[in-house]
Amino acid sequence: MADGRILHLICLLALATIQSVYGIGEVIFAVNCGGSAHTDLNGVHYQADYNTVGISSDFGLQLSINRVPTPDQVLYQTERYHSETFSYDIPIKEDDDYVLILKFSEVYFTGSNMKVFDVRLNSRHIVIKGLDIYQKVGKGTAHDEYIPFKISQKSLFVNDESSPFKGVLTVEFVKGHLDNPKVNAIVVMKGQVADVPKLATLAGAEESEQDFEDDDDNEDTVSKTETSKPPHSRKLSGPAVANPYSVDDGSSYVVPIAIAVGVFVPTVFFLCRL
């Protein structure tokens, strides 16, 4: 009986230690767009895509996605896109500071100015203007956008703007002149941008992610190129591939496990002598 209590205590302390290592804020919403449910290496559970507007695609499953551990690449391999503007509705019940994390990867096009679109909140606030994923990071590479916002007294505050808030955050992917808008995964969590686990830095290049903690630099990332080139056709899915969940080199667990062992071995020794 005592051994069972000790094991239970160890498990609770291990979980608390790992969470403190990663420093993740409270996640209130996460969806794997175009794909099935998934729990990532940070413990964030993504629900299966429930949206019925647009097209879900698993074309990216044939690619290996850069900057992401193998088990979590599925978050960037599946996607939802549409030939028109589409959206996700996210219920938010409490006043607090939040961060919207939008996950993208370009799995089809091989050049910039082929897919460019905006992201808008609640039909009013443009929070990403002229997003060109390939221009940001190239093909088959993960790219995250972080949008901090605040809900307070029935108002939404974002980018020094405000609007009435009725309990639902609508994230819109706005159709432009260059192909179709898309998204690979969406997360909303309480806290600040500093609380969000970041992607690995691109090899040989400076990190190109926007830093919204300093100012709204999204105005500097506008892509103003517009051409009359017709939209490219999209393949809806790729060939069958191995299950992306089945391969894991385990390297992402080394640091938290090492810390956990260092904390719990003395604890167990002490408890066993009681």
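Let's start with burial: 44% of the chain's 274 residues count as buried. Buried here means under 20% relative accessible area, with exposed over 50% and partly exposed in between, using a 1.4 Å probe and protein chains only. A word on the source: this is a predicted model, where local features need pLDDT of at least 70, side-chain atom pairs count only at pLDDT 80 or more, and totals for chains, interfaces and linings use all residues. Residues are numbered from 1 along each chain as its sequence is written, and side-chain values use heavy atoms, without hydrogens and water.

Now the overall picture. The chain has four helices and 15 strands. Helices (H or I, at least four residues) and strands (E, at least two) are DSSP runs, numbered from the N terminus. Take the contacts with a separation of 6 or more: 77% of them join residues 24 or more positions apart. A contact means heavy atoms within 4.5 Å. The chain exposes about 13900 Å², and carbon and sulfur atoms supply 54% of that. Those areas come from the Shrake-Rupley method with a 1.4 Å probe.

Next, strand E1, residues 27–32. E1 pairs with strand E15, residues 185–190, in the antiparallel sense over five bridges. Two strands pair if DSSP finds at least two bridges between them. Phe29 has Val188 in E15 as its bridge partner. E1 also runs parallel to strand E3, residues 45–48, joined by two bridges. There, Asn32 stands opposite Ala48. In general, side chains in a regular strand alternate between the two faces of the sheet.

On to the aromatic rings. Rings of Phe, Tyr and Trp (its six-membered ring) pair if their centres lie within 6.5 Å; planes under 30 degrees apart count as stacked, over 60 as edge-to-face, the rest as tilted. That rule gives seven aromatic pairs. One of them joins Phe104 and Phe117: tilted, 5.9 Å centre to centre, 55° between the planes. This pair links distant parts of the chain, 13 residues apart, with Phe104 in strand E7 (residues 96–104) and Phe117 in strand E8 (residues 116–121). Are these two buried or exposed? Both Phe104 and Phe117 are buried.

Tyr108 and Phe109 also pair, edge-to-face, at 5.2 Å centre to centre and 80° between the planes. Phe109 has a relative accessible area of 3%, so it counts as buried. Elsewhere, ring pairs link Tyr50, Phe86, Tyr88 and Phe173 into a cluster.

Last, a charge over a ring. Lys198 lies over the face of Tyr146, 5.5 Å from the ring centre. The rule: NZ of Lys or CZ of Arg within 6 Å of the ring centre and within 35 degrees of the ring normal.
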